[in-house]
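Biologist: Please take a close look at one helix for me. I would like to see how its residues are placed.

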Amino acid sequence: MERAADRREPGPVTIALSLAALVVVWVVAARLSADPEILPGPAEVWSIAVHEAARGELAYHVGWTLMRVAAGFSIAMTVGSAAGLALGLVPRLNRWFGPWVVVALNVPALVVIVLCYLWIGLNEVAAITAVSVNKAAMVAVNIREGVWALDPKVSEMARAFRLSPAARLRHVILPQLWPFVAASTRNGLAIIWKIVLVVEFLGRSNGVGFQIHLYFQLFEVGHVLAYSLSFVGVMLAIEYLALQTWERRATRWRRVGTGAVA
């Protein structure tokens, strides 16, 4: 079972070849369009990115976006995880406040961003609040579903051994929730940085979203792609170098246990 799970995860060579194939598709599409103002090729976009990096603009704006992503993600994961645990463990809370989560899930992100800017102002507090609110409900739903999927036999064993609530949370609930936490983390980062770009597009004076807005107005497709793909590269590095390593370590007990049973 462990070997089958490992085969599902691409290795470094597979990742590199897959991304290289994507670049080849981009090259072919650029050649077919035959218009660098509509779809510049990888070489042109790389040249723009190098130029912006040499000016210091790329690092400056990517840094601001990363800061907003980190702040919004941390708040959303903390609030959403706490809410999800409460809703999953206390049925009465879920009956009364579950509909609130459904409402929060279905309010468009753009509406939340605009309202935060109108109510709080065009500042960092509004920007990070909008990002956090948009993601917290998704995390809460994932964690609640994870709590409902807990193995009841393990919970009964914890009660039989009279574990304290804190010990039960640490040794019984959280280990089983790690796959759901990992999924919320991965999806959260993927969604939050897109929301951050919209937040910056609409009301900030720095960040990747602000630069995309600027070059959209100038119809500079190459610069839009250079800033967008630079941040995509950062998020890919976080995904493959940090998140997947952390997820493998956090769920190692599950793979080892499955192998032992098999």
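Biologist: Which residues of α6 are buried, and which exposed residues does the face turned away from them carry?

Modeller: This is a predicted model, in which local features need pLDDT of at least 70, side-chain atom pairs count only at pLDDT 80 or more, and totals for chains, interfaces and linings use all residues. Residues are numbered from 1 along each chain as its sequence is written, and side-chain values use heavy atoms, with hydrogens and water left out.

Start with the helix itself. α6 has 12 residues. Helices here are DSSP runs of H or I, at least four residues, numbered from the N terminus. From first C-alpha to last, α6 reaches 16 Å, close to the 16 Å expected at 1.5 Å a residue; that expected span is 1.5 Å times one less than the number of residues.

Now the buried side. Val112, Ile113, Cys116 and Tyr117 are buried in α6. Buried means under 20% relative accessible area, exposed over 50%, with a 1.4 Å probe and protein chains only. These residues lie on the same side of α6 because they cover an arc of only 130° around the axis. The arc is taken from the directions from the helix axis to the C-beta atoms. An α-helix has 3.6 residues a turn, so residues three or four places apart point the same way.

The face of α6 turned away from that side carries exposed Leu118 and Trp119. Just after α6, Gly121 takes a positive phi of about 115°.

Finally, the wider setting. α6 (109-120) is among the elements giving two or more residues to the largest nonpolar core, which has 37 residues. Such a core is a set of buried Ala, Val, Leu, Ile, Met, Phe, Trp, Tyr and Cys residues joined through side-chain atoms within 4.5 Å. The largest share, 10 residues, comes from α9.
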